[in-house]
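Subject: Two-chain model for your review

Dear colleague,

Please find below the structure that I am handing over to you. My notes on what was found in it follow directly after.

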Amino acid sequence: MQLRRWWILAAVAALALLVAACAEDDADDVDEVDDEVEEEVDEDVDVDDDEEVDEEVDEEAVDDLGLAEEGVLVAGSDLDFEPFEFIEDGEEKGFDVDLMNEIGERLGVEVEFVNSGFDTLLTQLDGGEFDVVISALTITEERAETVDFSDPYFAANQAMVVQADSGITGVEDIEGLDIGVQAATTGADYATENFEPDATVVEFPGTPEAFTALESDQVDAVFIDLPVASEQAEGSDTLELVAEVDTDEEYGIAVQMGNAALLDAINATLAEIVEDSTYETIYSEWFEGDVPEQFQ
Amino acid sequence: MGERLEDVRRLFFNWEVMTATFPELLREGLPNTLMVSFGAISIGIVFGMLVALMGISHRWYLKVPAKVYIDIFRGLPAVLTIVLVGLGLPAAGIRPWGREARIAAAVALGAIATAYIAEIFRAGIQSIDKGQMEASRSVGMTYLQAMWLVIIPQAVRRVFPPLTNEAIAIIKDSSLIFVIGLSIGQRDLFRVGQNIAQQSGNYSAVTAAALYYLAITIPLTYLVNWLDTRLREGPKEALPADDLPATAEPGR
């Protein structure tokens, strides 16, 4: 009995040490980040005397953005949607990621991405876990009932991808097919409205599952956002993009309902980014072809 | 604090959303969840017994495959097993159930259940006193006869509680089958709830689904407990006097 008690004591002590060590680490991390931010601000002020006024305005804006944690803008995103947002070599990358970082930089805040499932993003935003959601999120009336959307920042249409040897040539061939979609996306809604009951719409949680199912012949086609569809089709020998469907889709950045300060700041910055052609630079890094007129 | 609690209530326990969700859950989600779960549990019990018997065998060619099987399927994340069965097998050209995701899901969950249930049965069988096997053999039974007629009936009775645990785990894991793609009509409780949550932007629909899970698992627990007691002690009137001394040592 004695022995056992010692064991328990030792185990508890070890656990306590571990917890303490972890906690310390975290504290250090936070401090470091704070220091960095401070340093950056200091440097800016020292070097660019001319811009001091700008800086002050920015800092004031930071205080008023209504962020959960001052100086950090937490962005919720489903980082599994190449080329908009994905993780490569342990880093967040993609069009949305670059755009959000640019916005954050101009607002003088650090953007921190939190990876989450597409279908819970808006609930999490509503619950205060994020400050914004940027995740190739189409602006819809339905969604606008629970969150506020920024001005559109991307125009995207839908497309259908099939196996190259399937003989399917377009949306007119869908009779009797199983069509994979990503749940809770506009593509899913469009497919359900327009393809059912001629075809069966099969919902998947993410793009990897949908395209894996297509390649393993569990569905006949995948219907999804055009940029994602072309990315997948180009990256594969066996898949082919056979149809583009114009759905007048536009993506927006979502903020918590009523957070007007943040929304206004984002909209103003977005307009700036489009105006000084930074938008074009980011766009051409991830997509081929011309920038749509509204963003030129 | 009060405001935060109100947020929780609004986001997760919105009674209006929940009541609006109940009928669809009952119509589509519940039958699919039950089909997949009980399919998986049946597969698990049959093959679990087989793997358990292989595992306690002294012949290496029975014992080794059983151990390897248990190690792998107990160790893999359920989601991966479901994807490998639901999307991997068809990719390899093995598609005995066509595109029926629910059967693929039942097989995948059944494969996981087999590993866990095999260990449960093994523990049960090994908990039966060795003397019983020796006695059965000495009256002329073969090993398999002794196993089937004497050891296994007692072992199964003993492992009812852990078997119930496993059944509940499978019922809950059936919420993962969405990963291999579900069309309307195939959706399980979780997916139906999630779907409505997406449309309404309110997660209470999933909470509503959660109530259905409780409505399956809690009665199941008590049913098995009742059955367990009944099998141990027989009908109520035949109860022997409680002659166990109360020796429960505090702190053990």
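Is S183(B) buried or exposed? With a relative accessible area of 6%, S183(B) is buried, where buried means under 20% relative accessible area, exposed means over 50%, and partly exposed lies in between (1.4 Å probe, protein chains only).

Before the details, some conventions. This is a predicted model, in which local features need pLDDT of at least 70 and side-chain atom pairs count only at pLDDT 80 or more, while totals for chains, interfaces and linings use all residues. Residues are numbered from 1 along each chain as its sequence is written, chains are lettered from A and ligands numbered from 1 in the order in which they are written, and side-chain values use heavy atoms, with hydrogens and water left out.

The two chains

Chain A has 9 helices and 13 strands; helices (H or I, at least four residues) and strands (E, at least two) are DSSP runs, numbered from the N terminus. Of the 296 residues in chain A, 46% are buried. Chain B comes to 10 helices and 1 strand, and its elements run α-α-α-α-α-α-α-α-β-α-α from the N terminus on. Of the 252 residues in chain B, 43% are buried. Among contacts (heavy atoms within 4.5 Å) between residues at least 6 apart in sequence, 70% join residues at least 24 apart in chain A, and the corresponding value in chain B is 76%.

The interface

At the interface, 26 residues of chain B are in contact with 27 residues of chain A. The two chains bury about 2100 Å² between them, 52% of it on carbon and sulfur atoms; buried area is the accessible area (1.4 Å probe) that two parts lose on being put together, summed over both. There are 5 salt bridges between chain B and chain A, a salt bridge being a side-chain nitrogen of Lys or Arg within 4 Å of a carboxyl oxygen of Asp or Glu. One of them joins the side chains of R10(B) and D126(A), at 3.4 Å from N to O.

On the side of chain B that touches chain A, α1 (2-12), α4 (78-91), β1 (182-183) and α9 (189-200) each supply at least two residues. Of these, α9(B) gives the most, with 6 residues.

S183(B) lies in strand β1 of chain B. Leaving out residues up to four places away in sequence, S183(B) touches T200(A), V201(A), V202(A) and E28(B). Strand β10 (residues 200-204) of chain A pairs with β1(B) in the antiparallel sense over 2 bridges; two strands pair if DSSP finds at least two bridges between them. Within this pairing, E203(A) stands opposite L182(B).

The open sheet has 6 strands in the order β12(A)-β8(A)-β11(A)-β9(A)-β10(A)-β1(B), with mixed pairing. β12 (239-251) of chain A and β1 of chain B stand at the edges with a single partner strand each, so one side of each is left without a neighbour in the sheet. Further in, strand β9 (residues 178-182) of chain A pairs with β10(A) in the parallel sense over 5 bridges, and the bridge partner of V181(A) in β10(A) is E203(A).

Q163(A) is in strand β8 of chain A and counts as buried at 16% relative accessibility. The side chain of Q163(A) reaches the backbone oxygen of L214(A) at 2.7 Å.

Buried elements of chain A

In helix α7 (residues 226-234) of chain A, P227(A), V228(A), A229(A) and A233(A) are buried. The buried residues of α7(A) pack against β2 (80-81), β8 (154-163), α6 (207-215), β11 (221-225) and β12 of chain A.

Why is strand β1 (residues 72-77) of chain A largely enclosed by the rest of the structure? The reason is that 6 of its 6 residues are buried. V72(A), V74(A) and G76(A) point one way from β1(A), and L73(A), A75(A) and S77(A) point the other way. β1(A) runs parallel to strand β5 (residues 110-115) of chain A, joined by 6 bridges, and parallel to strand β6 (residues 132-133) of chain A, joined by 2 bridges.

With kind regards

Technical notes. A polar contact is a pair of N or O atoms within 3.5 Å; within protein, one must be able to donate a hydrogen and the other to accept it, and residues adjacent in sequence count only if both atoms are side-chain atoms.
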